[in-house]
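User: I have a structure here that is new to me. Can you walk me through it?
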Amino acid sequence: MLLVLVAMIDSIGGPQRVNNFLTTLDLPSISHKNLKAMERRAGQMIEDYAEKSMANATKVSFDTEMR
């Protein structure tokens, strides 16, 4: 859900447009402080995934090279 929200913020065009969109849907807006907190958490999740992916690719490459 978190990554979807951050992607939505980026694709719609920023926090103000997201809040306008949410208001149109009769949903409560998201405060700037909460948006920044979500962005930080999403960024950490992306970095963790990238590190795991890189470690896996390195291991596969090493195993392939050693055969």
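Analyst: What follows goes from the overall layout to single residues. Note that this is a predicted model.

User: OK, how many helices and strands are there in the chain?
Analyst: The chain has three helices and zero strands. Read from the N terminus, the order of elements is α-α-α.

User: What is the mean pLDDT of the chain?
Analyst: The mean pLDDT is 82, and 81% of the residues reach 70 or more.

User: And which elements have the lowest and the highest mean pLDDT?
Analyst: Helix 1, residues 2-12, has the lowest mean at 62. The highest belongs to helix 3, residues 32-66, with a mean of 89.

User: Fine. What share of the residues counts as buried?
Analyst: Buried residues make up 16% of the 67 in the chain. The accessible surface of the chain is about 5,600 Å², and carbon and sulfur atoms account for 60% of that.

User: Which residues make up the largest nonpolar core?
Analyst: Five residues do: Val18, Leu22, Ile30, Leu35 and Met38. Helix 2 and helix 3 are the elements that each give two or more residues to this core. In general, nonpolar side chains in soluble globular proteins tend to be buried together.

User: Stay with helix 2. Which of its residues are buried?
Analyst: Val18, Asn19 and Leu22 are buried in helix 2. Viewed down the helix axis, the buried residues fall within an arc of 95°, so they line one face of helix 2.

User: What does the face turned away from that buried side carry?
Analyst: That face of helix 2 carries exposed residues, namely Gln16, Arg17, Thr23 and Thr24.

User: What comes just after helix 2?
Analyst: Just after helix 2, aspartate 26 takes a positive phi of about 60°, although aspartate 26 is not a glycine. Aspartate 26 lies in the loop between helix 2, residues 15-24, and helix 3.

User: Is aspartate 26 buried or exposed?
Analyst: Aspartate 26 is exposed, because its relative accessible area is 70% and the cut-off for exposed is over 50%.

User: What about leucine 27, where does that one lie?
Analyst: Leucine 27 is also in the loop between helix 2 and helix 3. At 44% relative accessibility, leucine 27 counts as partly exposed. Together with Phe21 and Leu25, Leu27 forms a nonpolar patch on the surface. The three have about 270 Å² of accessible area together.

User: Changing topic: how many salt bridges does a search of the whole structure find?
Analyst: The search finds one. In that salt bridge the side chains of aspartate 63 and lysine 59 meet, at 2.9 Å from N to O.

User: Where do aspartate 63 and lysine 59 lie?
Analyst: Both are in helix 3, four residues apart, which is about one turn of the helix.

User: And how exposed are aspartate 63 and lysine 59?
Analyst: Aspartate 63 is partly exposed, with a relative accessible area of 30%. Lysine 59 is exposed, with a value of 52%.

Terms used. Residues are numbered from 1 along each chain as its sequence is written. This is a predicted model: local features need pLDDT of at least 70, side-chain atom pairs count only at pLDDT 80 or more; totals for chains, interfaces and linings use all residues. Side-chain values use heavy atoms; hydrogens and water are left out. pLDDT is the predictor's confidence in each residue, from 0 to 100. Buried means under 20% relative accessible area, exposed over 50%, partly exposed in between (1.4 Å probe, protein chains only). The arc is that of the directions from the helix axis to the C-beta atoms. A salt bridge is a side-chain nitrogen of Lys or Arg within 4 Å of a carboxyl oxygen of Asp or Glu. Patches are made of residues with over 30% relative accessible area and no salt bridge: like charges are joined within 9 Å, nonpolar side chains (Val, Leu, Ile, Met, Phe, Trp, Tyr) within 5 Å. Accessible areas come from the Shrake-Rupley method with a 1.4 Å probe; for residues, only the protein chains shown count as cover. A nonpolar core is a set of buried Ala, Val, Leu, Ile, Met, Phe, Trp, Tyr and Cys residues joined through side-chain atoms within 4.5 Å.
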